[in-house]
Amino acid sequence: YTAALSSLQAARKLSPEDRDLYYLLGQAHYGLKQFSDARVNYEQCNSGVYAPLHAGLRKTRAKMKKQN
């Protein structure tokens, strides 16, 4: 995950408007157990191919809060 994170961060510098990168950055941070950083990146993924995945995570999280 460390190598992926480094590559994705370099890609983000070249294309900061690419929201798909934020989902992938979130995945890399999650794999490194950097959960706070993962969340920050997931939240920036509001368009693109991976946006529906992030939206699904938000809905699941909301349902879980209601059940607890």
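Modeller: Contact here means heavy atoms within 4.5 Å. With that cut-off, among contacts in the protein chain between residues at least 6 apart in sequence, 36% join residues at least 24 apart. This is a predicted model, where local features need pLDDT of at least 70 and side-chain atom pairs count only at pLDDT 80 or more, while totals for chains, interfaces and linings use all residues. Residues are numbered from 1 along each chain as its sequence is written, and side-chain values use heavy atoms, with hydrogens and water left out.

Colleague: Happy with that! How many helices and strands are there in the protein chain?

Modeller: The protein chain has 4 helices and 0 strands, so along the sequence it reads α-α-α-α. Helices are DSSP runs of H or I with at least four residues, strands are E runs of at least two, and both are numbered from the N terminus.

Colleague: What makes a residue count as buried?

Modeller: A relative accessible area under 20% is buried, over 50% is exposed, and in between is partly exposed (1.4 Å probe, protein chains only). Of the 68 residues of the protein chain, 25% count as buried. The accessible surface of the protein chain comes to about 4900 Å², and 54% of this surface belongs to carbon and sulfur atoms. These areas come from the Shrake-Rupley method.

Colleague: Now the rings. Why is the pair of Tyr23 and Tyr42 called tilted?

Modeller: Rings of Phe, Tyr and Trp (its six-membered ring) pair if their centres lie within 6.5 Å; planes under 30 degrees apart count as stacked, over 60 as edge-to-face and the rest as tilted. By this rule there are 2 aromatic pairs. The rings of Tyr23 and Tyr42 are 5.5 Å apart, centre to centre, with 45 degrees between the planes, so the pair is tilted.

Colleague: What does the pair of Tyr23 and Tyr42 tie together?

Modeller: Tyr23 belongs to helix H2 (residues 19-31) and Tyr42 to helix H3 (residues 35-43), so the pair links parts that are 19 residues apart in sequence. Both of these tyrosines are buried.

Colleague: And what makes the pair of Tyr30 and Phe35 edge-to-face?

Modeller: The ring centres of Tyr30 and Phe35 are 5.2 Å apart, and the planes are at 70 degrees. Tyr30 has a relative accessible area of 48% and Phe35 one of 47%, so each counts as partly exposed.

Colleague: How do you know that Tyr23 is buried?

Modeller: Its relative accessible area is 11%, so Tyr23 falls in the buried class. Beyond its neighbours within four places in sequence, Tyr23 is in contact with Asn41, Tyr42, Cys45, Tyr50 and Leu53.

Colleague: Where is Leu53?

Modeller: Leu53 sits in helix H4 (residues 51-67). The C-alpha atoms of Leu53 and Tyr23 are 8.8 Å apart, although 30 residues separate the two along the chain. At 44% relative accessible area, Leu53 is partly exposed.

Colleague: What does Tyr30 touch, not counting residues up to four places away in sequence?

Modeller: Tyr30 touches Phe35, Ala38 and Tyr42.

Colleague: Why are H2 and H3 called roughly antiparallel?

Modeller: Two packed helices are described by the angle between their axes and the distance between the axes. H2 and H3 pack at an angle of about 170 degrees, with axes 7 Å apart. Axes are lines fitted to C-alpha atoms over the stretch in contact, with angles from 0 to 180 degrees between N-to-C directions. Under 35 degrees is roughly parallel, over 145 roughly antiparallel, 65 to 115 roughly perpendicular and the rest oblique, so H2 and H3 are roughly antiparallel.

Colleague: Which residues in H2 meet H3?

Modeller: Tyr22, Tyr23, Leu25, Gly26, Gln27, His29 and Tyr30 in H2 meet Phe35, Asp37, Ala38, Asn41 and Tyr42 in H3. These residues divide into 7 nonpolar, 4 polar and 1 charged. Nonpolar covers Ala, Val, Leu, Ile, Met, Phe, Trp, Tyr, Cys and Pro; charged covers Asp, Glu, Lys and Arg; the others, Gly among them, are polar.

Colleague: Lastly, what about the loops? How do you know whether Lys33 is buried or exposed?

Modeller: Lys33 has a relative accessible area of 62%, so Lys33 is exposed. Lys33 is in the loop between H2 and H3, and has a positive phi of about 60 degrees although it is not a glycine. Glu17, in the loop between helix H1 (2-14) and H2, is exposed at 57%.

Terms used: Accessible areas come from the Shrake-Rupley method with a 1.4 Å probe; for residues, only the protein chains shown count as cover.
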